[in-house]
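Dear colleague,

Please find below the sequence and structure that I am handing over to you. A summary of the findings follows directly after it.

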Amino acid sequence: MSNTKTDFLSESGHWYDYKGNAKYTLIGKNGKERNTTLRDARKLILVPSVTGILGIAAKPGLVNWMIDQGISAALTLQRLEGESDYDFLNRVKLDSKEQGMKAAELGTIIHAEIERGFKGQDTKSYLAVRKILDDMFPNEEWVAEGSFCHTSGYGGKIDLYSNNGIFVDFKTKDNLEGKDGARLVYDEHGMQLSSYAQGMGIVNPKRVSIFIDRLNTELIVSHVWDPDTHTRHLAMFNSLLTYWKLLKKYDPSEELIKLKEKNNV
């Protein structure tokens, strides 16, 4: 039981209503826009995103990247005269955090360029991605950024999928030259794609992870997941979903079923 809706917002640990509409922000009592909270979700029967669920699990690749950023900042920043170890450490943390924010912002821009391409506005990033996809799946019709809400209590926005059960997720990375897709993926990537397939009611999906170089968006590395890993990845995700509900003391699944049945969704 799922419903899809196209939305241009970025999916990053946010909320969806029972129709699959993104509810990342709300208008507060002061009339200003603010981020949606768990308290809001309880009142409005909203569901967390796939990335929000996955966010409670450790991410070795991300942790290693963050460590590298911290070390790089410590090696490149000049120590100020009379600066204490504590102040220098804080400056290193701030610098590495800024690098992470810049990488995330660039990733969002690249995602948006690809989305615009699939909606009719050719971009360099889109054309490079489209060539890879056309080589793998000729004559496939794609839907970009479709969102859904699943009655088990989560929602999400899918980078790309087809009605033939192919799910594609885009990631941006640095220095992809000579890299092998199989060495770039982690279980979390497979879990994300499997959760999307479940959200769309697809039992035997084809799952594809595509990595785009941040500085050279025409440099792309892809990985097609072994179908045999889908069952394991889906079980892993659903276990995290159960843990999330227990941790947050919030399970919207029963109310979702009622809402969907009442509104014929």
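Phe 148 stands opposite Gly 156 in strand E7. The model is predicted, and for that reason local features require pLDDT of at least 70 and side-chain atom pairs count only at pLDDT 80 or more, while totals for chains, interfaces and linings use all residues. Residues are numbered from 1 along each chain as its sequence is written, and side-chain values use heavy atoms, with hydrogens and water left out.

Strand E6 covers residues 142–150 and E7 residues 154–162; the two run antiparallel and are joined by 8 bridges. Strands (E, at least two residues) and helices (H or I, at least four) are DSSP runs numbered from the N terminus, and two strands pair if DSSP finds at least two bridges between them. The hairpin of E6 and E7 has 3 residues between the strands, and Gly 153 takes a positive phi near 110° there. Of the 9 residues of E6, 8 are buried, so this strand is largely enclosed by the rest of the structure. Buried denotes under 20% relative accessible area, exposed over 50%, and partly exposed the range in between (1.4 Å probe, protein chains only).

**Aromatic pairs**

The structure holds 9 aromatic pairs, counted where ring centres of Phe, Tyr and Trp (its six-membered ring) lie within 6.5 Å; planes under 30 degrees apart are stacked, over 60 edge-to-face, and the rest tilted. One of them is the edge-to-face pair of Tyr 16 and Tyr 24, at 5.6 Å centre to centre with 90° between the planes. Tyr 16 and Tyr 24 are both buried. The pair of Tyr 161 and Phe 167 is stacked, because the planes are at 20° and the centres 6.1 Å apart. Tyr 161 counts as buried at 7% relative accessibility, as does Phe 167 at 1%.

**Salt bridges**

How many salt bridges does a search of the whole structure find? The search gives 12, where a salt bridge is a side-chain nitrogen of Lys or Arg within 4 Å of a carboxyl oxygen of Asp or Glu. Among them, Arg 91 and Glu 83 meet at 2.8 Å, N to O. Arg 91 is partly exposed, with a relative accessible area of 25%, whereas Glu 83 is buried at 14%.

Asp 134 and Arg 130 also form a salt bridge (3.0 Å, N to O). Both residues lie in helix H5 (residues 124–136), 4 residues apart, about one turn of the helix. Asp 134 is partly exposed at 30% relative accessibility, and Arg 130 is partly exposed at 23%.

In the salt bridge between Asp 187 and Arg 232, the closest N and O atoms are 3.0 Å apart. This pair links distant parts of the chain, 45 residues apart: Asp 187 belongs to helix H7 (residues 187–199) and Arg 232 to helix H8 (residues 230–248). Asp 187 is partly exposed at 33% relative accessibility, and Arg 232 is partly exposed at 42%.

**Two further helices**

Leu 75 is in helix H3 (residues 60–76) and counts as exposed at 70% relative accessibility. Ala 112 lies in helix H4 (residues 85–118) and is buried, with a relative accessible area of 16%. The C-alpha atoms of Ala 112 and Lys 43 are separated by 31 Å, the two residues being 69 residues apart along the chain.

With kind regards
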